[in-house]
Amino acid sequence: MQGIPDIIKLFSFAKKGLNFSHTYQVKDFPRIKKLLSNIDDKVKVELSFYIKNNVVPCIKGSIQLSAIVDCQRCLNEVNIHLSPSFKLGFLKNEQQKEKLDSSFETILNADKAFSTIEFITDELLISIPMSPMHPYKCQSYQDKEWINSQDKYHPFATLKQLKD
Ligand SMILES: [Zn+2]
């Protein structure tokens, strides 16, 4: 295992059968940094490169991180553990798809070299839930607003009691 280079050279890495691992921080990924509030926390990444059936370069990878995001029900922070893993086959043409079993996601006509950060970012973005929520039944912020608006009537209620 060695650190992950900044640029992925797909064919050369796959031919050599290289394995990489690195611990990044959330802030190393500009597009992810905007979505999470724990930007100093760790992002553990492992990538393995290999050639499948003598022709198709593949990347098997896993990512692990904690993401602190706003709960869409109560608007307080919620800490969700994300551990996306993926198996990608990079195809030159549609016919090559037959070389891979259905456990592979396929990408057609990828660049020969691409940014590691952007590649990991794309895999991470898919794993972040659209509407993150606490696993328990937290109080909806809409209900809270309703309670707050009820509170506003209290001064009048007190005034009425005084009159009586
Ligand atoms: Zn919540």
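The following exercises, each with a worked solution, concern a predicted model.

**Exercise 1. The zinc site**

Task: Determine which protein atoms are the donors of the zinc ion, and which arrangement their angles make.

Solution. 
Step 1. Find the donors. They are Cys71 (SG), Cys74 (SG), His134 (ND1) and Cys138 (SG), lying 2.0 to 2.3 Å from the zinc ion.
Step 2. Cys71 and Cys138 link distant parts of the chain, being 67 residues apart. Cys71 belongs to the loop between strand E4 (56-70) and strand E5 (77-82), whereas Cys138 belongs to the loop between helix H3 (116-127) and helix H4 (141-151).
Step 3. Consider the angles. Four donors count as tetrahedral if all angles lie between 85 and 135 degrees. The four donor atoms here subtend angles of 104 to 115 degrees, and the arrangement is therefore tetrahedral. For reference, the ideal angle for four tetrahedral donors is 109.5 degrees.
Step 4. Consider the surroundings. Cys71 and Cys138 are both buried.

**Exercise 2. Aromatic pairs**

Task: Classify the pair Phe20 and Phe49 and the pair Phe114 and Phe119 by the angle between their planes.

Solution. 
Step 1. Recall the two quantities required. A pair of aromatic rings is described by the distance of the centres and the angle of the planes. The whole structure contains seven aromatic pairs.
Step 2. Take Phe20 and Phe49. Their ring centres are 5.7 Å apart and their planes stand at 80 degrees, so this pair is edge-to-face. Because Phe20 lies in strand E2 (residues 19-25) and Phe49 in strand E3 (residues 42-52), the pair ties together parts that are 29 residues apart in sequence. Phe20 is buried, with a relative accessible area of 2%, and the value for Phe49, also buried, is 2%.
Step 3. Take Phe114 and Phe119. The centre-to-centre distance is 5.6 Å and the angle between the planes is 45 degrees, a tilted pair. Phe114 counts as buried at 16% relative accessibility, and Phe119 counts as buried at 8%.
Step 4. Ring pairs link Phe86, Phe90, Phe114 and Phe119 into a cluster.

**Exercise 3. The partners of strand E6**

Task: State in which sense strand E6 pairs with E4 and with E7.

Solution. 
Step 1. Locate the strand. E6 comprises residues 85-91, and five of its seven residues are buried.
Step 2. Examine E4. Five bridges join E4 to E6, and the two run antiparallel. Gly61 stands opposite Phe86 in E6.
Step 3. Examine strand E7 (residues 105-108). E6 and E7 pair over four bridges in the parallel sense. The bridge partner of Gly89 is Thr106 in E7.

Terms used: Residues are numbered from 1 along each chain as its sequence is written. This is a predicted model: local features need pLDDT of at least 70, side-chain atom pairs count only at pLDDT 80 or more; totals for chains, interfaces and linings use all residues. Side-chain values use heavy atoms; hydrogens and water are left out. Donors are N, O and S atoms within 2.8 Å of the metal (3.2 Å for Na, K and Ca); water is not among the atoms, so sites may look incomplete. Four donors count as tetrahedral if all angles lie between 85 and 135 degrees; four count as square planar and six as octahedral if opposite donors are over 155 degrees apart and all others between 65 and 115; anything else is irregular. Buried means under 20% relative accessible area, exposed over 50%, partly exposed in between (1.4 Å probe, protein chains only). Rings of Phe, Tyr and Trp (its six-membered ring) pair if their centres lie within 6.5 Å; planes under 30 degrees apart count as stacked, over 60 as edge-to-face and the rest as tilted. Two strands pair if DSSP finds at least two bridges between them.
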